[in-house]
Amino acid sequence: MPEPTESLLQLVPKAEAAQSMKDFKSDQEVRWCPGCGDYAVLAAVQGFMPELGLAKENIVFVSGIGCSSRFPYYMNTYGMHSIHGRAPAIATGLATSRRDLSVWVVTGDGDALSIGGNHLIHALRRNVNLKILLFNNRIYGLTKGQYSPTSELGKITKSTPMGSLDAPFNPVSLALGAEASFVARTVDSDRKHLTEVLRQASQHNGTALVEIYQNCNIFNDGAFEVLKDKDQAQEAVIRLEHGRPIRFGTDNNKGVIRDPATGDLQVVTVTNDNESRILVHDAHAATPTTAFALSRLADPDTLHQTPIGVFRSIDRPVYDTLMAEQLDKAVEQRGKGDLGQLLTGNDTWTVVG
Amino acid sequence: MTSQVSSEAGEALVGEQRSAPATPHHGTEKEVRRLDRVIIRFAGDSGDGMQLTGDRFTSETASFGNDLSTLPNFPAEIRAPAGTLPGVSSFQLHFADHDILTPGDAPNVLVAMNPAALKANIADVPRGGEIIVNTDEFAKRAMAKVGYTTSPGRRVPRRLPGPPVPLTTLTLEALKDFGLSRKEAERSKNMFALGLLSWMYHRPTEATETFLRTKFAKKPQIAEANIVAFRAGWNFGETTEDFAVSYEVAPATRAFPTGTYRNISGNLALSYGLIAASRQADLPLYLGSYPITPASDILHELSKHKNFGVRTFQAEDEIAGIGAALGAAFGGSLAVTTTSGPGVALKSETIGLAVSLELPLLIVDIQRGGPSTGLPTKTEQADLLQAMYGRNGEAPVPVVAPKTPADCFDAALEAARIALTYRTPVFLLSDGYLANGSEPWRIPETESLPDLTTPFATGPNHTLADGTDVFWPYKRDPETLARPWAVPGTPGLEHRIGGIEKQDGTGNISYDPANHEFMVRTRQAKIDNITVPDLEVDDPDGATTLVLGWGSTYGPITAAVRRIRREGGHIAQTHLRHLNPFPNNLGEILGRYDKVVIPEMNLGQLATLIRARYLVDAHSHTQINGMPFKAEQLAAVLKEAIDA
């Protein structure tokens, strides 16, 4: 399959003048709880948009239902706050019919992985040109504190006073399993990292899934503290950078190697003997195998050894492009449709008065 | 269908079939009789190709210039076990030298390819009707399978007024030089049957031969085998003494206004209507859909016309189908989702969102038997109240219903007009009978189609107190109450919309009680004030009883009304295309009559709406057997109402 080498961003008109963060702030009062991680993500996105330099009338944010899904109201672009779980489906219709738009989906762990799980995996499989920002706070916020499909097993919440019974989804693993062509993870409070991930996602042709660990300070405060706290973060966070050895820890003393017996990945203390075996991160690897193994490194309960960054970024055919090509090809083969001819068909008879 | 019911209907029909005196044909050869109309039913196993046979006979009949109406009837299973009653598939065709309205109540001729097909259909054949069976299939085992007991020398049950035709043997014999396996050769027996019937009714044959050559273009041997079987069937009729008479049904020249005609099914007409609407609106067509019987053919058809700029998206489920359509509508496409009742149930929440967003969207519901999975391949009109009310909150949606297969074209254009003019989702309620049935259609001049162009918003539409010009996404057109359609890509009109209640004008989130009350009433008023044409009443005699119908019952009701009038009875008739809002003059019309009868293929859903809205004591006549009304029975019901 011939791969488009140029960025699909070229189809989206550029802004005529330089933009600033202010241009992307709508006149609506932001109504998240004070201290919510969503503020940081909103600021990062508004801050990054001028760098992208697209005409803001050609940018659309589509969301579902939940705290994060209020996001479009605060962006001074086109936007739709839709219904629970359906944003990827709605955005698919928009993106596939309007390739001149930059379409972003904002969703949460409940919206994307519970009620909307089906639409998410199918968007990823089709590789529709969408940028999906999945705010994962591991809790239901807007309905006031029930466990979510990413909550750790045994989570005590309003609906699970004796602990939740279902094992959580790992959104990155799920996306990779759903054939995603771009999967990344970042953290709300790390503006620089978040912006870099947004930068790479926005340049990607096809569906980009960005999981953003986001703190809900009301119902699940500190869920990601281990990744944010300076002392603990060094041991807990594995920063993935394409082409660089996967190392982390105090003094970079830990690394990821492949177990030759099982093919699985494991964390080791780096020594002179094993240093050459430290895995070099390849986000563009043809198979998702290593990316998947990386996504399984983190402890689902403590979040120790959590990789962040771009797990996978590959080129593969984009649904909207293929759809447009079929339309062009049909015109090429049969000429532009003639309604009179179509209605008449091949089998007619005439009645004369 | 009980035998009692059908024999009643059948007798009346056969009695009506007018036959001219026998006329000589080709000198002293076989006798040719003239008939004014004929009803043929082809019945066989699901795998016997009965639908194809019926389609071909229909095409031959259409090109000959008869008026016609068809009723395909098949099981939901693709291949039910061979030779069983559940596996029987049939195709009924009514054709005439005058205009007709229904596929006919009872067949004059039944072609039964096996014992199961005979058993499932024989009760519908009236006395004097002709039955042609493939006697090869009436072996002991096949008959026992459907409960027929055989007796020596009399292998076919009961009366069998038709001559014996060993269809399989004759087909195999005709194809013996082809070197085909027995199984392959046997497959052509439906073409043998088609050839025989084509001879019996003087149908033109060239188009069928051309059709077979095209259909099997990649297998010329199979094409030739089918053509040989088809010709062998024709020749068999001409030579065998068992068939002494053939029949002519003259073209229905006087029934049709001047014009060019083609035969068309409801789903095809609907697909063409959508493409035409897209052209007339100068907007790209976008279909988001999930396969479901009996709506899938619209998805299939539209996916063939990409050179019209038609985008078809086969979604992961019904919800995504309408979701994608709504997304495309936001982007400025003429957006459509197609489904049947169970799909509508899944789409309900998104329809509510479309009501709230006030975007144009067509929801095409090809109704089938319900509830739940119900009867996927049978017809019903039981989604009317779902279309009207099946959403949370006050979420009014206009409802438009076609009345005949060809009318699906015009109904699609009308649904698009309402959606685009008023920026609202619109239900188009077709059904399985219209979808698969077909009739002649006068091909419209494309110049005569309505102009559906709808301007997008291009700039600010409101001035604030401080003099600033702004764009308000919910500032309405004072006439239509439609809000502006501002599509992404338009500079300066960036705005956010959603399912949360919006402030009048600005469209910003608002929980204000008075604003909510205002918005609910305004959305309702917008739908209530949609301009729809006044209803016309057909009442030549100043009747006191009115029959009111909607949707696909138009054919049977009109046929029943004609019967009553032919017998000297008086009845008025009117038929609703717009179910929401009702035409303005409907109340006045209802008030003119002592009695109002409403026949429906549900338990009285329109009757419920009419009673509630107009306080009219309408008499509801209902049938929910998966089949269209029979004109004879309906006439009896109407007569009873008139006489009551």
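Visitor: How many residues does helix 10 of chain B have?
Guide: This is a predicted model. In it, helix 10 of chain B reaches 22 Å from its first C-alpha to its last. That is close to the 22 Å expected at 1.5 Å a residue. The number of residues in helix 10 of chain B is 16.

Visitor: Why is helix 10 of chain B said to be largely enclosed by the rest of the structure?
Guide: Look at burial along the helix. A residue is buried if 20 or more other C-beta atoms lie within 10 Å of its own. Helix 10 of chain B is largely enclosed because its buried residues number 16 of the 16.

Visitor: Which residue just after helix 10 of chain B takes a positive phi?
Guide: Step just past the end of the helix. The phi there is about 55 degrees. The residue is Asp282(B).

Visitor: How many residues of helix 15 of chain B are buried?
Guide: Helix 15 of chain B covers residues 407-422 and reaches 22 Å, close to the expected 22 Å. It is followed by Arg423(B), with a positive phi near 50 degrees. Helix 15 of chain B is mostly covered, and of its 16 residues the buried ones number 15.

Visitor: Which helix of chain B gives the most to the side that touches chain A?
Guide: In this contact, 58 residues of chain B meet 53 residues of chain A. Several elements of chain B each supply at least two residues, including helix 10 (266-281), strand 9 (285-289) and helix 13 (341-357). The top contributor gives nine residues, and it is helix 12 of chain B.

Visitor: How many charged residues are on the side of chain B that touches chain A?
Guide: Sort that side by class. It has 26 nonpolar residues and 23 polar ones. The charged residues number nine.

Visitor: What is the bridge partner of Thr348(A) in strand 8 of chain B?
Guide: Strand 12 (residues 348-351) of chain A and strand 8 of chain B run antiparallel. Four bridges join them. Within strand 8 of chain B, the partner of Thr348(A) is Arg262(B).

Visitor: Are the faces of strand 1 of chain A covered or uncovered?
Guide: Five of the five residues in strand 1 (residues 59-63) of chain A are buried. In a regular strand the side chains alternate between the two faces of the sheet. Here Ile59(A), Phe61(A) and Ser63(A) lie on one side, with Val60(A) and Val62(A) on the other. These residues are all buried, and both faces are covered.

Visitor: What is the bridge partner of Val60(A) in strand 2 of chain A?
Guide: Strand 1 of chain A also pairs with strand 2 (residues 78-81) of chain A. This pairing is parallel and has four bridges. In strand 2 of chain A, the partner of Val60(A) is Tyr78(A).

Visitor: Which helix gives the largest share of the side of domain 1 of chain B that touches domain 4 of chain B?
Guide: The centres of domain 1 and domain 4 of chain B are 35 Å apart, taken over C-alpha atoms. Their contact takes eight residues from domain 1 of chain B and nine residues from domain 4 of chain B. On the domain 1 side, helix 1 (3-16) and strand 3 (67-73) of chain B each supply at least two residues. The largest share is three residues, and it comes from helix 1 of chain B.

Conventions
Residues are numbered from 1 along each chain as its sequence is written. Chains are lettered from A and ligands numbered from 1 in the order in which they are written. This is a predicted model: local features need pLDDT of at least 70, side-chain atom pairs count only at pLDDT 80 or more; totals for chains, interfaces and linings use all residues. Domain bounds come from an automatic or database domain assignment. Two residues are in contact if their C-beta atoms, placed from the backbone, lie within 7 Å. A residue is buried if 20 or more other C-beta atoms lie within 10 Å of its own, exposed if 12 or fewer, and partly exposed in between; C-beta atoms are placed from the backbone. Two strands pair if DSSP finds at least two bridges between them. The expected span of a helix is 1.5 Å times one less than its number of residues. Ala, Val, Leu, Ile, Met, Phe, Trp, Tyr, Cys and Pro count as nonpolar, Asp, Glu, Lys and Arg as charged, and the others, Gly among them, as polar.
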